[in-house]
2 protein chains.
Amino acid sequence: MKKHNFSAGPCILPQSVFREASQAVLNFNGIDLSILEISHRSKEFIAVMEEAQSLALELLGLQDKGYKALFLQGGASLQFLNVAYNLLENKAAYLNTGTWSSKALKEAKLLGEVVEVASSKDANFNYIPKNYTIPEDADYFHCTSNNTIFGTQMFDFPQTSVPVVADMSSDIFSRKLDFSKFSLIYAGAQKNMGPAGTVLVVIKEDILGKVTRIIPSMLDYKIHLSKESMFNTPPVFAVYVSMLTMRWLKNLGGIEAIEARNREKAGIIYREIDRNPLFKGFAATEDRSIMNATFNLTDEALKPVFDQMAKEAGINGINGHRSVGGYRASMYNAMEPESVQVLADIMKELENKA
Amino acid sequence: MKKHNFSAGPCILPQSVFREASQAVLNFNGIDLSILEISHRSKEFIAVMEEAQSLALELLGLQDKGYKALFLQGGASLQFLNVAYNLLENKAAYLNTGTWSSKALKEAKLLGEVVEVASSKDANFNYIPKNYTIPEDADYFHCTSNNTIFGTQMFDFPQTSVPVVADMSSDIFSRKLDFSKFSLIYAGAQKNMGPAGTVLVVIKEDILGKVTRIIPSMLDYKIHLSKESMFNTPPVFAVYVSMLTMRWLKNLGGIEAIEARNREKAGIIYREIDRNPLFKGFAATEDRSIMNATFNLTDEALKPVFDQMAKEAGINGINGHRSVGGYRASMYNAMEPESVQVLADIMKELENKA
């Protein structure tokens, strides 16, 4: 049965990537060894790592601009700590737009002064705060570009002389931005980039080396950069599948091409949410994410019926996060517009039934 | 061509595990979704994680003895830091038996006083120091049970009232020990347990909660325990393949059964090293690892010939680590005795040729 996988992450990846990855688990590149049993120091894996790092920079338009890409472990959650360890000397500024921002902020506080420049907690994070002021003496400004749980997304980033650090875990490679305005970007792989188990960190090298503390080796970006993501054994398979997914995206036309498709998908679902009296969007209209659409039934009594219809249509993973309730349709890069249409269709069908 | 994969890690895993994992990348358990696209909160993956944790304790004979198993990220290298963060209040005792011990010791020093109780650095770590004294007031004693690079292994562990912490990355699940003598065991997956990308941590819960420092969330064992390895998105595929490998080992008869086979394999290679005048073992005889045999040619001029013979025999990954040189045959759990015999045979053949 064809499944329409709206899981918020780990989530859908291209079918062609699954096929290649499955083959590589049996026999990688025809070398008669599995991708799971080769040394990370083998020439075969070094080529994978180099291509992954290069593709990440290329897709973001950051080649030859003083940036390096790393593939590390521990997800964005460990980066909450690493960012502060490597960059926070006196004061850091954080924009609080949801659960992940809050967690990032909490870890940074262990290492220095943190200013929360604005928060949308007052409205259960259903909007992105605007018109906040970033202290000019902050070491960096941290934000979360897309809030998976609440379905909001930042469309404007502040003009500031302070280095901008962004957690792009749930919208990396999904839309065109001037990425050179960011000094550090990190993203857990398990949305648009690959399977769970690796995190991409893109760093403008000149922001490092400014803190006076001693940094533990595994948290030190300079050490990871000096070893080109091989300070310790990297998560070979997760990096390999991420490389395949980035290759797929490049062949598709890169971020511009996928952004058009992502906007098409978001249009399908938001039009139906706005049209259909049985549903109500959760996020403020102007801040609606093109990755994760959050919405509720106007009549909760219809939930069992709608859930059954979703199940019969092969729809997977649309339950909302417990902090929002209702539904969440995650429409990451690899999802086809047809799948979003299937969801919109059953929403309409519910209206006809009800 | 049949390959004999002696890679030091990531390394050989059972062929049946590769087949199952390959299938799961296409369609996991017949649910029409890839293992790479399912939520870590799905009932399917929760079952995998629970089975993995349970198998780890069962194989070590640590069920119902106050231990918990975690599957985390960052490899043993991050555990070097975590161990100290969670356990080091006043003083820690470290036995230095090689590169990884030295690295563990270095990270611990960032957090408190560290006593190096003994070191075999004087002889390029070719032996395991004995008859050292562990300070009775140490918070814990740390050792590396098997030294992958140097081919040495600890066969006796100290009798001490101090909690014993062991990095068993390269010999976990390979031999019977009284594991209840250890308070904390950690092991990067990529030798006997699974692919690179996850690390097993087995903790006796009562050793936690004794340090006064604030521990960053991702480094805090209590947080990971309270969330059953799901504080953040776990490395789904690496945990899944580890679970498959542990299942394979259990079906094979567990650690006792595999130890017999591992001793058989070690016997084949060490007998040939000792018999053949063209080769010389690196590690002290009484400390020879049953996982990694290190040896050198007595005449380096024979290297091109021997390397060519190895290549033609389908032998992969026997180059020694740069700090030892020569050769290293890693014979982890999944390696068949036949493969070790192929290596011993070409060693003999070289003698006949030379």
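This is a predicted model: local features need pLDDT of at least 70, side-chain atom pairs count only at pLDDT 80 or more; totals for chains, interfaces and linings use all residues.

Student: How far apart do the end C-alpha atoms of residues 5–343 of chain A lie, and how much of the span is helix and strand?

Tutor: The end C-alpha atoms lie 11 Å apart, and the span is 34% helix and 17% strand; helices (H or I, at least four residues) and strands (E, at least two) are DSSP runs, numbered from the N terminus. Residues are numbered from 1 along each chain as its sequence is written, chains are lettered from A in the order in which they are written, and side-chain values use heavy atoms, without hydrogens and water.

Student: What makes residues of chain A and chain B count as in contact, and how many residues of each are involved?

Tutor: Contact means heavy atoms within 4.5 Å; 54 residues of chain A are in contact with 55 residues of chain B.

Student: Which helix of chain A gives the most to the side that touches chain B?

Tutor: Helices H1 (15–26), H3 (75–87), H4 (99–109) and H6 (236–252) of chain A each supply at least two residues of that side, and H1(A) gives the most, with 6 residues.

Student: How many salt bridges are counted between chain A and chain B?

Tutor: The count is 0 salt bridges, a salt bridge being a side-chain nitrogen of Lys or Arg within 4 Å of a carboxyl oxygen of Asp or Glu.
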